[in-house]
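Hi everyone, thanks for making time for this. Please have a look at the structure on the screen, and then we'll walk through it together.

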Amino acid sequence: MKKNVGTIDKGVRVLLVVLIAVLYFAHLIGGAAAIILGAVALILLLTSLVSVCPLYLLLGISTAKKN
């Protein structure tokens, strides 16, 4: 599958994952919000690791460098 997530995009995604983790472990979020944000963090982390975002594929977006 063609990669569509660029370096800066990956960095932003990882920073958001870290922010969500800090909020969770500092007990600033809990309950349903923690579950939803945890799922979002997991998706962001996975898409940054594999450099492919299914939503970007549907929308025809790519932040990756063109070869």
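Let's begin with a question: how many aromatic pairs does the count come to? The count is one aromatic pair. The partners are Y24 and F25, and their ring centres are 5.2 Å apart. Their planes meet at 75°, and an angle over 60 degrees counts as edge-to-face, so that is what we call this pair. As for how open these two residues are, Y24 is partly exposed, at 44% relative accessible area, while F25 is exposed, at 65%.

Before we go on, please keep in mind that this is a predicted model.

Now let's step back to the whole chain. If you take the contacts with a separation of 6 or more, 78% of them join residues 24 or more positions apart.

Next, the surface. The protein exposes about 5000 Å², and 76% of that comes from carbon and sulfur atoms. There is also a nonpolar patch on the surface, made of V14, V18, V22, L42, L45, L46, L49 and V50. Together these residues have about 700 Å² of accessible area. Which helix gives the most to the patch? That is α2, with five residues, and V50 lies in this helix. Both α1, residues 7-25, and α2, residues 31-50, supply at least two residues each.

Here is a contact between a charge and a ring. The charged end of R13 sits over the ring of Y56, 5.1 Å from the ring's centre.

Last stop: the loops, and a bit of backbone geometry. Most residues other than glycine have a negative phi. With that in mind, look at H27, in the loop between α1 and α2. H27 is not a glycine, yet its phi is positive, about 60°. Then find S51, in the loop between α2 and α3, which covers 54-59. S51 also has a positive phi, near 60°, and is a residue other than glycine.

S51, in contrast, counts as buried, with 4%.

Notes: Residues are numbered from 1 along each chain as its sequence is written. This is a predicted model: local features need pLDDT of at least 70, side-chain atom pairs count only at pLDDT 80 or more; totals for chains, interfaces and linings use all residues. Side-chain values use heavy atoms; hydrogens and water are left out. Patches are made of residues with over 30% relative accessible area and no salt bridge: like charges are joined within 9 Å, nonpolar side chains (Val, Leu, Ile, Met, Phe, Trp, Tyr) within 5 Å. Accessible areas come from the Shrake-Rupley method with a 1.4 Å probe; for residues, only the protein chains shown count as cover. A salt bridge is a side-chain nitrogen of Lys or Arg within 4 Å of a carboxyl oxygen of Asp or Glu. Helices (H or I, at least four residues) and strands (E, at least two) are DSSP runs, numbered from the N terminus. Contact means heavy atoms within 4.5 Å. Rings of Phe, Tyr and Trp (its six-membered ring) pair if their centres lie within 6.5 Å; planes under 30 degrees apart count as stacked, over 60 as edge-to-face and the rest as tilted. Buried means under 20% relative accessible area, exposed over 50%, partly exposed in between (1.4 Å probe, protein chains only). A charge sits over a ring if NZ of Lys or CZ of Arg is within 6 Å of the ring centre and within 35 degrees of the ring normal.
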